[in-house]
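Here's a quick walk through one protein model, going from a single residue out to the whole chain. Have the sequence and the 3D view open as you read.

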Amino acid sequence: MNSHLHNESQSQCNQPLKPRKKRLGRDQLSLLEASFNANQKLKAEHKTELASQLGVPPRQVAIWYQNRRARHKNNVMEHDYKNIQLELGDVLAENIRLERQVSMLKHELNQVQQMILLGPTSSSATLLSVSGSSDEQANSGSPANMICNWGDAGNDDIFPVEELYTCMIDSGT
């Protein structure tokens with residue numbers, strides 16, 4: 001058995017070694033890159049033409065193209081991954097902002113509900129009245145353009161919830 005292994009190793013040593021592929025030079029690489037940028041798929045006639053220009057076997061050109069396509073695909077995937085990570089960061093920041101806004105709105109809603117529940121039974125029941133401060137503001141329906149004043153409404157049975165909420169929002173900003 002040992003003699004069989006010995007004979008096999010001798011036969012491998014006696015066979016001529018394949019010539020090593022030479023590394024491509026800068027000029028060769030720039031020509032291949034320019035060709036790749038023009039067309040990522042290599043046709044047979046173009047492969048032989050490039051091989052003769054570069055002085056390398058056509059198989060080496062084909063393998064270079066295959067490897068270059070794989071590198072290009074990886075670069076595209078990395079670029080897409082980075083873009084998705086940036087978008088995810090933006091979405092997470094927006095989510096945090098919206099959660100804070102929801103929390104603030106829930107707090108304001110709770111305040112208004114307590115005012116509604118406690119308002120008519122309170123001895124100093126006062127209501128909000130909304131009035132515009134000028135003609136321009138009166139024409140605008142925006143709550144930011146309204147002024148909220150505490151005043152005696154004179155009617156304890158009716159609580160203008162819309163006005164309360166508008167004033168609560170306006171006072172919060």
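Ser35 sits in helix α2, where helices (H or I, at least four residues) and strands (E, at least two) are DSSP runs numbered from the N terminus. This is a predicted model, in which local features need pLDDT of at least 70 and side-chain atom pairs count only at pLDDT 80 or more, while totals for chains, interfaces and linings use all residues. Residues are numbered from 1 along each chain as its sequence is written, and side-chain values use heavy atoms, with hydrogens and water left out.

Is Ser35 buried or exposed? Ser35 counts as buried because its relative accessibility is 10%; buried means under 20% relative accessible area, exposed over 50% and partly exposed in between (1.4 Å probe, protein chains only). Skipping neighbours within four places in sequence, Ser35 is in contact (heavy atoms within 4.5 Å) with His46, Leu50 and Tyr65.

Follow that to Leu50, which touches Leu31, Leu32, Ser35, Leu42, Val61 and Tyr65, again not counting residues up to four places away in sequence. Leu50 also belongs to the largest nonpolar core, a group of 10 residues that includes Leu32, Val61 and Tyr65. A nonpolar core here is a set of buried Ala, Val, Leu, Ile, Met, Phe, Trp, Tyr and Cys residues joined through side-chain atoms within 4.5 Å. Helices α2 (26-38), α3 (44-54) and α4 each put at least two residues into this core. In soluble globular proteins, nonpolar side chains tend to be buried together.

| Residue | Place | Relative accessible area | C-alpha separation |

Next, the largest pocket, with a volume of about 220 Å³. On a 1 Å grid over the protein atoms alone, a pocket is an open set of points where a 1.4 Å probe fits, with protein on both sides within 12 Å along at least five of seven lines; lining residues have an atom within 4 Å of a point. The volume is the space filled by probe spheres set on the points, which are joined across faces, edges and corners. Ten residues line this pocket, with Lys22, Leu24, Gln60, Trp64 and Asn67 nearest its centre. Helix α4 (residues 58-118) gives the largest share of the lining, 5 residues. Leu24 and Trp64 are also members of the largest nonpolar core.

Zooming out, the protein has 6 helices and 2 strands, in the order α-α-α-α-β-α-β-α. Buried residues make up 15% of its 173 residues. Of the contacts with a separation of 6 or more, 61% join residues 24 or more positions apart.
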